[in-house]
Amino acid sequence: MTSSILTVSQVNFFLKSLIEGDGRLSDVLVTGEISNFTDHYRSGHLYFSLKDEKSVLKAVMFSSAARRLRFRPGDGMKVIIRGRVSVYEPTGQYQLYAEDMQPDGVGALSLAYEQLKEKLAQEGLFDQDRKRPIPRYPASIGVVTSPTGAAVRDILQITARRWPAAQIILCPVLVQGEGAPAQLIQAVRELNRKNACDVIILGRGGGSLEDLWAFNDEGLARAVAASQIPVVSAVGHETDFTICDFAADLRAPTPSAAAELCTPDREELLPRFLSLNRYFRQQAADTVAALRQAVDILVENSPLGQADGFLSGHWQRLAHLDENLKNAMARQVEEGRGKLSLYAEKLDALSPLKVLSRGYAVVLDEKGRAVRDAGELTPGEVVTLRVNRGQATAKVLERSGSDGGEKNEL
């Protein structure tokens, strides 16, 4: 029987159909060691080989599945892969299409934790010399945690008891789940942007590794390390460690411990404050007494200490000045009197009354105006005659002009 002639594509398609038609290869678990690992960062696809002591199997994990990985695969890592076997027709190569991958012998989260811890440690994010001290007497404390958990209640109660002077600035956030890392990062950055507090407590209560995973986020670790405000990490219980614990300036075993580490105990400080108060009051009193003594000595050794002798010379000088002033004023008054007498004599000589005393009279018309010319009068007009002593009323009978042509008589 003559066999039909097939194309390469037909053969590859036939083999692919055979393999994909076998249900045993549609969902398999394969273990092996990764080699020739390639991460196509643009597409997100992962290409690698899976090998054991005798054989090698080509494998690929597309970006849709690779995004779900909690760790970063690499050469030499032993893994367990769930997927399907099929043929890539263009090359006729059969390979394993990975849907899920887990480290063999250690959990994916644990491996991811160790990988990130090592990476950040090599960058120096955990170095002790970059960590800053926690302020001893904080005026304000930023608390980044769930608003409903036990952690926030413990922090508030302990702070109120130990150091009630501190203001608590609560930043409510999710502490687990997909949205938790972004909210935690935003809260830390916002507190720094506003310079809102003296120290930040970042944390939550206990839980499983999955529950605490938000605090193993690389972005959060970098935000904590970049914080200008000291950060205290308080995640889980005493035995729980997260990446945040290493990046923070101080790690507290629990949220309650964080509150104690960030606050002084006022009951312990009170006796010291009272002692300091007494000390400074006594120092102030001693200083005032010493200054008073120094002032007394200065007064005794200065003219103020011999007031009578110091003031005596000044009193004599003042009396001399007073006598000079009185003499000057008397001279001024005498000179003024002389001038006034002279002016009075001159005025008296010019006074109309002086003229009247020599027998002259002043004629006033009906309006009380002095008559200077006979032409100002009319016959029959009543005038007033003012003499040295008193006055009289007269009537004009006739007048003579100033040229002598007409005679006027009273």
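In what order do the 5 strands of the open sheet run, and is their pairing parallel or antiparallel? The order is E7-E6-E8-E9-E10, and the pairing is parallel. Helices (H or I, at least four residues) and strands (E, at least two) are DSSP runs numbered from the N terminus, and two strands are taken to pair if DSSP finds at least two bridges between them.

The model is predicted, so that local features need pLDDT of at least 70 and side-chain atom pairs count only at pLDDT 80 or more, whereas totals for chains, interfaces and linings use all residues. Residues are numbered from 1 along each chain as its sequence is written, and side-chain values use heavy atoms, with hydrogens and water left out.

Axes are lines fitted to C-alpha atoms, for helices over the stretch in contact, and angles run from 0 to 180 degrees between N-to-C directions.

A closed barrel of 5 strands, with mixed pairing, runs E1-E2-E3-E5-E4. Its twist averages 50 degrees from one strand to the next. Strand E1 (residues 28–40) and strand E4 (residues 78–88) run antiparallel and are joined by 6 bridges; glutamate 33 stands opposite lysine 78 in E4. E4 also pairs with strand E5 (residues 93–103), in the antiparallel sense and over 10 bridges, with isoleucine 81 opposite methionine 101 in E5. These two strands, E4 and E5, form a hairpin with 4 residues between them, and glycine 92 in the turn has a positive phi of about 65 degrees. Strand E3 (residues 56–61), by contrast, runs parallel to E5 and is joined to E5 by 2 bridges; alanine 59 stands opposite leucine 96 in E5. Helix H1 (residues 8–21) lies across E4 and E5, at about 135 degrees to E4.

In an unreviewed entry, UniProt lists residues 6–102 as "domain: OB-fold nucleic acid binding". UniProt positions follow the numbering used here, feature names are shortened, and annotations may be inferred rather than shown by experiment. The span is 19% helix and 48% strand, and the end C-alpha atoms of residues 6–102 lie 41 Å apart.

Note on methods. Contact = heavy atoms within 4.5 Å.
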